[in-house]
Structures are given as structure tokens and as C-alpha cells.
Amino acid sequence: MFAQIAPSAPVSASRSGMVQRAWEHFRSLGSPRYLCAPMVDASELAFRILVRRYGVQLAYTPMLHSSNFLRCEKYREEYFSTCSIDRPLVAQFCGNEPETLVAAAKHVENIARRGRYGAFLQDDWTLVQRLVSSLDAACRVPVWCKIRVFPDESRTLAYAQLLENAGCAVLAVHGRTRDQKGNEPGPANWSIIKQIKEHLRIPVLLNGNIQSWADVQRGLAETHCDGILSADRLLAYPALFSGREDLCIYQLAHEYLDIVETYDPRTHPRIIRGHLFRMLTSDIRRDETIRNGLLQAHTVAAFTDVLKMAERRAANISRMESAPAGTERRGWQPHVFFDTIGHGSHFDNEMEN
Ligand SMILES: Cc1cc2nc3c(=O)[nH]c(=O)nc-3n(C[C@H](O)[C@H](O)[C@H](O)COP(=O)(O)O)c2cc1C
């Protein structure tokens, strides 16, 4: 079934050169294993800085619309900000016209000097091929692609192969199909990602359903991928890639707010709120006041107040729960982090790749 893309197929000199360049490029970035996935309204500068402090070795921007990015300065200011510690960075663009995509890519090349670009028009392979090869030909920086899998494994492999042939330097594969969306998207298919890794020559990244540090290790061991992207879990627990599972979520949330204040005070309250909803999901579920407080907050100071309130209330609950009558009270323990899986309606987005 996979004969047409078997590793033993003859490889042209120029393709070997491309593959070699892809690896040189990947190594020049330090061969990142732990990556923050692209997330609309969520992988913004402040969050990227936070997760980099806790083990993330490369981060993606949220998806940027190439035509808006190119034409509208306000859009660029609102949706793309970076700084010198925000490296290495992949700028993810969507678009369906090669010229616009190339022009947007060149624009960000000038801003950040390192842009990498995703493509996801999985129904129109001719167009995808043109988009990737146009970017590859026109830009100094390598092209990164991110795809979802198809229900048919051989089709997925052929698609991955097409991207490699078109000049993709690094391929991230989300192991869910396009129909696996919403609050319960279901498991990711790591087995097809393993096959893609076996058949392609460029670096391949695993994405989908990483819920713990043990999953990170298992994913790398089972698929032999070169790195792992996380989105959902990283939002709930930004220290996922530190390998530590005992860090206090309130401390991480305070640190996030400090970063917003220091590095990007213009971060939209909607985005800050989204992160706090994710990090404080269990508090919000049991306490309307926290939820309402977050909905009403619009400044870092106001968000900090709500966070402190959540912290105090959690400490009280924990004290009450851990002090049966007649026994000595134990100290407050940080939350168990693995109770907040799935997309809340706040975070559903149709543009997700
Ligand atoms: C809030 C949110 C926003 C997302 N936005 C994007 C996006 O802009 N571009 C993209 O390619 N994928 C996007 N995704 C999908 C993720 O990058 C990732 O492929 C998917 O969530 C599977 O990884 P996970 O199981 O670790 O969450 C988004 C996911 C979430 C949760």
C-alpha cells in the first residue's frame, strides 16, 4: 500500500539536498523536542515566554491570516508581537494565494528574522504543493507545515510525502482527523504518525492528546518523532514540559500575569482571561465568584485580585477537607492538575488545524 513512498525509492540529488538542509536547520535550532503548539488567542507572546521558562524549546505564534497581516498594521500590532527572548519562534500563517502568503512571510522575516509557516488546505493538494514550494523558493527561512491526519492512513502518508517533496522542512502532525473537533475530540492516532516518521526524511513532530510528562516520554519512544507539540494540556498546566508535575498552578498564573506586565502589557484582556480560565478550571467549576470575577476583570491588577481570591478559597477548602475533627491540620497541598481535559466553549475555534 505504501510502495510509492517507500524509503527505498530513488531519491533525487536535489531532494537529498533539501532533506539535508532541513536537518541542518532543525539542528541549528537546537533540535527542539518540546514545543508549544499554535493556538488562536492563546499562544501569544506572554504565554510563550511563560512556557519557555518551563521546558518549551520552541513555540508557534497563533495562526495569522496572511492577507490581514499584509494589509493591516493594526492587525499586525494586535496579533503579532515578539522579542529577543521569544526564540526560536515559528510564525504560523494561513492563506490560499501563494503571492499573499509569500509577501506576508517576507514581512515577518523582516520583523522577526525567523518565520516558519504552516499550511492546512488538505483538500486541494495542488494548491498546497504550490503554496509550500512558493514559500520555499521565495524565502530564506525554512517552511514548517502542520497537518491533521486523514481517516485513510495511506492518504495521510501520501499527503505527508507531498509536503516533503514540495519543500517542507519540518512537519508537525496532529493525529486527529478534521472531524475530531469540539469538547471531546477523542484520541489521537499516534500509529499513523509513527509511520509518517518512518517514511519521511525530514524532522517530524508528534501532536495530539499529550496529557502528562509520562505521555511526552511515551510519545517520543513509541513514534520516534523528533519532538512533541502540546496545546490543550500546556494551557491548563504551562509547566508540562518541565517534567515536574507538582508546581502550583496559582504560582504559574501569577508568573504569567507578571510576564504580561513586563513584556506585553497590551495583551488583550480576552486573552489573559482565556489563560486564567484554563489554569483555574477547577476553581471556576466549584465557585461562581471566581468565574464572574474573571469575566469582569479587564486589567492585570484586577486579574491578580481574582487570582488571589481563588488561591485563598482553595486554601480554605483544602484546610477544611484535610482536618477531620480531632486531628491536626495538615498544610495546604497544591491542586491535582489532571482534572481539566477538553475544550470549554470559550476555546472552541473553527480555524483550528
Ligand atoms: C485554544 C486553541 C487554539 C488553537 N489554535 C490553533 C491555530 O491557530 N493553529 C493550529 O494549527 N492549531 C491550533 N490549535 C490546535 C493545536 O495546535 C493542536 O494541534 C491541537 O490542540 C492538538 O494538540 P493537543 O491534543 O495537545 O491539544 C488550537 C488548539 C487550541 C486548544
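In the predicted model, arginine 148 stands opposite histidine 174 in strand β7. This pair belongs to the contact between strand β6 and strand β7 (residues 168–174), which run parallel and are joined by 6 bridges. Valine 143 is likewise placed opposite cysteine 168 in β7.

The burial extends to both faces of β6. On one side lie Val143, Cys145 and Ile147, and on the other Trp144, Lys146 and Arg148, all of them buried. Strand β7 shows a corresponding result: 7 of its 7 residues are buried, so β7 too is largely enclosed by the rest of the structure.

The pairing continues from β7 to strand β8, to which β7 is joined by 4 bridges in a parallel arrangement. Histidine 174 stands opposite asparagine 207 in β8. Together, β7, helix α8 and β8 form a right-handed β-α-β unit. Helix α8 (residues 190–199) lies across β7 and β8 (204–207), and runs at about 175° to β8.

These strands are part of an open sheet of 7 strands, in which the pairing is parallel and the order is β4-β2-β1-β9-β8-β7-β6. Its edge strands are β4 (89–90) and β6, each of which pairs on one side only. Helix α7 packs on the sheet, where it touches β6 and β7, and its direction makes about 155° with that of β7. Elsewhere in the sheet, strand β1 (residues 34–36) and strand β2 (residues 58–60) run parallel and are joined by 2 bridges. Cysteine 36 has alanine 59 in β2 as its bridge partner. In general, the strands of a sheet pair through backbone hydrogen bonds, either parallel or antiparallel.

Apart from neighbours within four places in sequence, valine 173 is in contact with Ile147, Val149, Ile193, Ile196, Val204, Leu205, Leu206 and Asn207. Nonpolar side chains tend to be buried together in soluble globular proteins.

When residues up to four places away in sequence are not counted, aspartate 136 touches Val143, Ala166 and Gly167. Aspartate 136 and cysteine 168 are separated by 32 residues in sequence, while their C-alpha atoms are 7.4 Å apart in space. Cysteine 168 is also the residue of β7 that valine 143 stands opposite.

Technical notes: Residues are numbered from 1 along each chain as its sequence is written. This is a predicted model: local features need pLDDT of at least 70, side-chain atom pairs count only at pLDDT 80 or more; totals for chains, interfaces and linings use all residues. A residue is buried if 20 or more other C-beta atoms lie within 10 Å of its own, exposed if 12 or fewer, and partly exposed in between; C-beta atoms are placed from the backbone. Two strands pair if DSSP finds at least two bridges between them. Two residues are in contact if their C-beta atoms, placed from the backbone, lie within 7 Å. Axes are lines fitted to C-alpha atoms, for helices over the stretch in contact, and angles run from 0 to 180 degrees between N-to-C directions. A crossover is right-handed if, with the strands pointing away from the viewer, the path from the first strand over the helix to the second runs clockwise.
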